[in-house]
Amino acid sequence: MIVLIIILFLASEVLAEQAVYVGMDKCKACHSKIVKEYSGFKRSRNFRILEMRGKEHDPQCLPCHTTGYGEPGGFVSVEKTPHLKNVQCETCHGPASLHLKATTLEEKRKTVKVPHNICTKCHTQHGHREF
Ligand code: HEC
Ligand code: HEC
Ligand code: HEC
Ligand code: HEC
């Protein structure tokens with residue numbers, strides 16, 4: 001019984017530590033310059049190219065044209081998670097809910113990734129101009 005309680009306690013601790021996606025609007029408060037600059041890029045609105053082709057529900061397309069598709073707290077569908085359409089900050093930096101909550105500079109830096117090899121996850125050698 002005690003063992004079970006300890007396991008449940010540990011499990012809930014792990015769950016509590018899991019970061020979830022929050023969407024780009026939440027970054028504005030502290031990184032307004034970066035959000036503004038990124039929003040200026042046409043590619044920050046890339047979800048439109050799926051919508052224009054009626055592909056906004058196609059699971060083959062969503063992994064690379066949304067934020068956190070298939071991951072905990074990530075994009076599910078246009079209806080359920082409209083704030084996670086497009087390739088946003090957290091696509092590269094990872095889910096940032098714990099980053100928002102962090103109270104020290106050190107924690108702030110630890111709760112997001114500054115990626116190195118992330119680009120090739122989506123930018124494969126052979127593009128797909130045929131779409
Ligand atoms: C409450 C303020 C606040 C919010 C909101 C916030 N950040 Fe930050 N962020 C910080 C601070 C403070 C730092 C540390 C800056 C430093 O290192 O000097 C930081 C650093 C970062 C870094 C760099 C980490 C590193 O290793 O240097 C990234 C990436 C980042 N934030 C992404 C995001 C994203 C993405 C969002 C929105 C989902 C976001 N932040 C929202 C305050 C915030
Ligand atoms: C492996 C990741 C990945 C998948 C899966 C993916 N895309 Fe893309 N898509 C990209 C990247 C990266 C770009 C931008 C660079 C490029 O054009 O190759 C892009 C660009 C595009 C463009 C613009 C191309 C152009 O010529 O301007 C269209 C349209 C598009 N994708 C549609 C789709 C559709 C429809 C699907 C699903 C059938 C899909 N994509 C699946 C990564 C992906
Ligand atoms: C396509 C991937 C990608 C996206 C999208 C992205 N970043 Fe970054 N970001 C990076 C990379 C890579 C670096 C590291 C750059 C370097 O080391 O010079 C970085 C660095 C940073 C840094 C630390 C360095 C600095 O300039 O202060 C912050 C803060 C940051 N990004 C915030 C954001 C926010 C906020 C957004 C959304 C508006 C965003 N990023 C969108 C890839 C991305
Ligand atoms: C989750 C998938 C994903 C990741 C990761 C990603 N991208 Fe992209 N990127 C895209 C898609 C999708 C587009 C197409 C947007 C459009 O055509 O509107 C794109 C477009 C671009 C473009 C515009 C190119 C063009 O043909 O118009 C640049 C530049 C770019 N990405 C750079 C980067 C860099 C640098 C990184 C890594 C730091 C990165 N991307 C990581 C999905 C991704």
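Ligand shells and two residues in a predicted model

Ligand 3 is surrounded by 14 residues, of which Cys-27, His-31, Tyr-38, Cys-89 and Cys-92 are the closest. The elements that contribute two or more residues to this shell are H2 and H5. By class, the shell around ligand 3 holds 10 nonpolar residues, 4 polar residues and no charged ones. The model is a predicted one.

Ligand 1 has 17 residues around it, and Cys-27, Cys-30, Cys-89, Ala-96 and Lys-108 come nearest. Two or more residues of this shell are given by each of helix H2 (28–40), H5, helix H6 (97–101) and helix H7 (105–110). The shell around ligand 1 divides into 10 nonpolar, 3 polar and 4 charged residues.

Helix H6, one of the elements that supply the shell around ligand 1, contains Leu-98. Is Leu-98 buried, exposed or partly exposed? A residue is buried if 20 or more other C-beta atoms lie within 10 Å of its own, and exposed if 12 or fewer do. Leu-98 has 19 C-beta neighbours inside 10 Å and therefore counts as partly exposed. Leaving out residues up to four places away in sequence, Leu-98 touches Ala-19 and Thr-111. Thr-111 lies 13 residues from Leu-98 in sequence, and the C-alpha to C-alpha distance between them is 6.1 Å.

The next site is that of ligand 4. Of the 15 residues around ligand 4, the nearest are Arg-43, Asn-46, Cys-64, Cys-119 and Cys-122. Helix H4 (62–65) and helix H5 (89–93) each provide at least two residues of this shell. H5 also gives two or more residues to the shell around ligand 1 and to the shell around ligand 3. The shell around ligand 4 consists of 8 nonpolar, 4 polar and 3 charged residues.

Asn-46, one of the residues nearest to ligand 4, sits in the loop between H2 and helix H3 (48–51). Asn-46 counts as partly exposed because 15 C-beta neighbours lie inside 10 Å. With residues up to four places away in sequence not counted, Asn-46 touches His-65, Asn-86 and Val-87. Lys-85 is 39 residues from Asn-46 in sequence, while the two are 8.5 Å apart in space, C-alpha to C-alpha.

Terms used
Residues numbered from 1 in each chain as written. Chains lettered and ligands numbered in written order. Predicted model: local features only at pLDDT ≥ 70, side-chain atom pairs only at ≥ 80, totals over all residues. Near = placed C-beta within 6 Å. Helix = DSSP H or I, 4+ residues; strand = E, 2+ residues; numbered from the N terminus. Nonpolar A, V, L, I, M, F, W, Y, C, P; charged D, E, K, R; others polar. Contact = placed C-beta atoms within 7 Å.
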